[in-house]
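Subject: Structure for your review

Dear colleague,

My notes on it follow directly after.

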Amino acid sequence: MKKIKLITSILLTIIIVTACNSNKEIIVFSPSGNIFAEFELKNGKPYYRIVKNNKQVIDFSRLGFDLNEKNSFNENFMIKNTTESSFDQTWEQPWGEEIFVRNHYNELTVELQEIEGKQRLLTLIFRVFDDGAGFRYVFPEQPNLTDFEITDELTEFSLSEDLHAWHITAYKGEYYENLYKKSLISKIGDTVSTPLTIETDDGQYITIHEANLADYAAMNLYPKHNSTTLKVDLTPWSTGIKVYARTPFATPWRTVILANNLNALVNSRIMLNLNEPCKIENTDWIKPSKYVGIWWEMHLEKSTWGQSEKHGANTKNVMSFIDFAAANNFQSVLVEGWNYGWDGKWSGHGEQFIFTKPYPDFDIKKITDYATKKGVKLIGHHETGGSTVNYENQMKDAFAFYKKYGIDAVKTGYVAKLLDGKELHSSQYGVRHYRKVIETAANSQIMIDNHEPVMPTGLQRTYPNLMTQEGVRGQEYDAWSRDGGNPPEHTTVLPFTRCLAGPVDFTFGTFSFINPVYPQTRVQTTLAKQLALYVVIYSPLQMASDLLENYEGNPAFEFIRIVPVDWSETIIKEGKIGDYVVTARKDKHSDDWFIGAITDENERNLRIDFSFLDKDKKYTAKIFKDASDAEWKTNPYSIVIEEQEADANTIMDLYLASGGGAAVWIKAE
Ligand code: NOJ
């Protein structure tokens, strides 16, 4: 990274320097002074840059918009006013990877006004944290700008060096269900989604994403002229317009995490901090849970969503899942294919779904009475087939229907190339719909697990009933994807890319790896890695996806039974994106710790120190690890389960087989 002039006065957190002529240099430092963002008007055009430890990470980069018909809103500005402030508050999460989040930043507001013509106003707000920065645009209420259309957001991120980035294509795949690729920024050769994670040559990480995506289009990025400048590309409406707006209006925050290592990257809370505080007064009804469900059997084509002699969501089948859940520490049972609408073609044809009419062989009263007796809840399912109009028309009644039967969590789905036959899921149209669902669900006290979403941006801070989302190439690809399933590398990339956007409903826990219907497709892990993933990939709703019979009598299942889904602390002990990860998490409700270690296709030996344990406590570590002859392709089920005493001085050697892993339950005595 290029060295820049040393700014000595880090005691002054915010410096405003008036340079010659009308150019103004404006700098805002992070609380500890290690990072600053600088705003500059160059000949009336707004730019910013970001500097960490006196090294420029993001060079002067453009800001601004094109509005309406090529009406530029990115030049001819003067600075009307600047203000600064500081903020330091700690808030508590109802669930999460840790309990308390510190929100500590310095803020700079720059109010711009066009020098001539309509003299329209545009405000930029920068917040600089010790681990990165965020900025957003505000369009204040003003006489000469009321209703407007954004045809392009001109924001750029001009990286100072050509570094390696991990990315997925934005438009060609569906709902972010792609495998991440690594390339130099200049060689990305595509429009890609965020979070985009960049590795520096000295082991640091930069992640570009957004926070509080509300009434706006999702942000994608592409390298301009194959350079290291990433330009924003907002997902358009079918009209070509990116965003329809009316002043006063604010964009989402553009976020840049600058992390010294992978642990700092995963523990950055910039995205959550840039969302609004919780709007739900009483969150007692919002509860993380582990679930099993009528699900994998459909993906294996053993049963059907729609009516048939193989219909999965029949009363007897659901009740057997309830029995299993009650006996094995699962709080809930997901049931898909319970309502009218699945018969015939439903993907992209969601108008036929009725969310208050169960199939005749699904006796909802009997089932939910039985579940209540057993202390288990159902997770309902609303597949919309992409018809948001049909769903919105029924949504309130649909939630009320479920609530009547004590169901307070719903998995939603949007399988369709386009929403309502015309709009992209990540467009402003989609964003508006998803938010409406979360708000309506919050009012009905319903938790949501959203599939085929727009990429998450931290809305769960404001609405913690948004528990988890898909937006990932998940375990279902191991049942039927034509390319053989998820390669072993996939889950070693996710913690540092997709997972930074929020909880992931990946649905691992498969114990039988080959689908007889598509024998060329399989789970490309060892059994021990399936267990480790419960610690590595975070979600407050976590599924054990397999057929129940595959768990019966398997001692490895003990780990899934006991692993928590809510944590008070998270540490990335070691890792290399795309190669391996070792994650340690502390249970929120006990003194137990859990370790998940996973590798890609390469076997490896790891040495893990337990220095994170309480120095005054003794523990027993129960280890579920690959046997020495395990290998994902030829011998995936070979596992060793053993116990040893442990304390803060323990150093554990673990062998991870090719495609393998290890899961450790460190139980406090
Ligand atoms: C795709 C979802 O990801 C999957 O979990 C669900 O079973 C099907 N759609 C049907 O809704």
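Glutamate 156 is buried, with a relative accessible area of 6%; buried means under 20% relative accessible area, exposed means over 50%, and partly exposed is in between, using a 1.4 Å probe and the protein chains only. Glutamate 156 belongs to strand E13, residues 156-159. Helices (H or I, at least four residues) and strands (E, at least two) are DSSP runs, numbered from the N terminus. Between the C-alpha atoms of glutamate 156 and phenylalanine 355, which are 199 residues apart along the chain, the separation is 43 Å.

Please note that this is a predicted model, in which local features need pLDDT of at least 70 and side-chain atom pairs count only at pLDDT 80 or more, while totals for chains, interfaces and linings use all residues. Residues are numbered from 1 along each chain as its sequence is written, and side-chain values use heavy atoms, with hydrogens and water left out.

The ligand site

The ligand is surrounded by 14 residues, and the closest are Glu336, Glu383, Lys411, His451 and Glu470; a residue counts here if one of its heavy atoms lies within 4 Å of the ligand. Several polar contacts can be listed, a polar contact being a pair of N or O atoms within 3.5 Å; within protein, one must be able to donate a hydrogen and the other to accept it, and residues adjacent in sequence count only if both atoms are side-chain atoms.

- Glutamate 336 places a polar side-chain atom 2.6 Å from an oxygen atom of the ligand.
- Tryptophan 295 has a side-chain N or O atom 2.9 Å from an oxygen atom of the ligand.
- Glutamate 470 likewise has a side-chain N or O atom 2.9 Å from an oxygen atom of the ligand.

Of the 300 Å² of accessible area that the ligand has on its own, the protein covers 95%. Accessible areas come from the Shrake-Rupley method with a 1.4 Å probe, and for residues only the protein chains shown count as cover.

Aromatic rings and charges

There are 51 aromatic pairs. Rings of Phe, Tyr and Trp (its six-membered ring) pair if their centres lie within 6.5 Å; planes under 30 degrees apart count as stacked, over 60 as edge-to-face, and the rest as tilted. One of the pairs joins phenylalanine 324 to phenylalanine 330 and is tilted, at 6.2 Å centre to centre with 35° between the planes. Both of these residues, phenylalanine 324 and phenylalanine 330, are buried. Phenylalanine 401 and tyrosine 405 make an edge-to-face pair, at 5.3 Å centre to centre with 65° between the planes, and both phenylalanine 401 and tyrosine 405 are buried. One aromatic cluster is formed by Phe65, Phe73, Phe77, Tyr137, Phe139, Phe148, Tyr216 and Phe249.

Phenylalanine 330 also has the charged end of lysine 290 over its ring, 5.8 Å from the ring centre. A charge sits over a ring if NZ of Lys or CZ of Arg is within 6 Å of the ring centre and within 35 degrees of the ring normal. Lysine 357 is placed over the face of tyrosine 340, 4.4 Å from the ring centre.

Backbone and loops

Two cis peptide bonds deserve mention. Threonine 194 and proline 195 are joined by one, with omega about 0°, and proline 195 is in the loop between strand E16 (192-193) and strand E17 (196-199). Threonine 247 and proline 248 are joined by another, with omega about -5°; proline 248 is in the loop between strand E21 (243-246) and strand E22 (249-250).

Tyrosine 176 is not a glycine, yet its phi is positive, at about 65°. Tyrosine 176 is in the loop between strand E14 (164-167) and strand E15 (181-184), and is buried at a relative accessible area of 9%. Threonine 507, also not a glycine, has a positive phi of about 65°; its loop runs between helix H9 (490-493) and helix H10 (527-536), and threonine 507 is buried at 3% relative accessibility.

Because 10 of the 10 residues of H10 are buried, this helix is largely enclosed by the rest of the structure.

Cysteines

The count of disulfides (pairs of cysteine sulfur atoms within 2.5 Å) is zero. Cysteine 278 is partly exposed at 36% relative accessibility, whereas cysteine 499 is buried at 15%.

With kind regards
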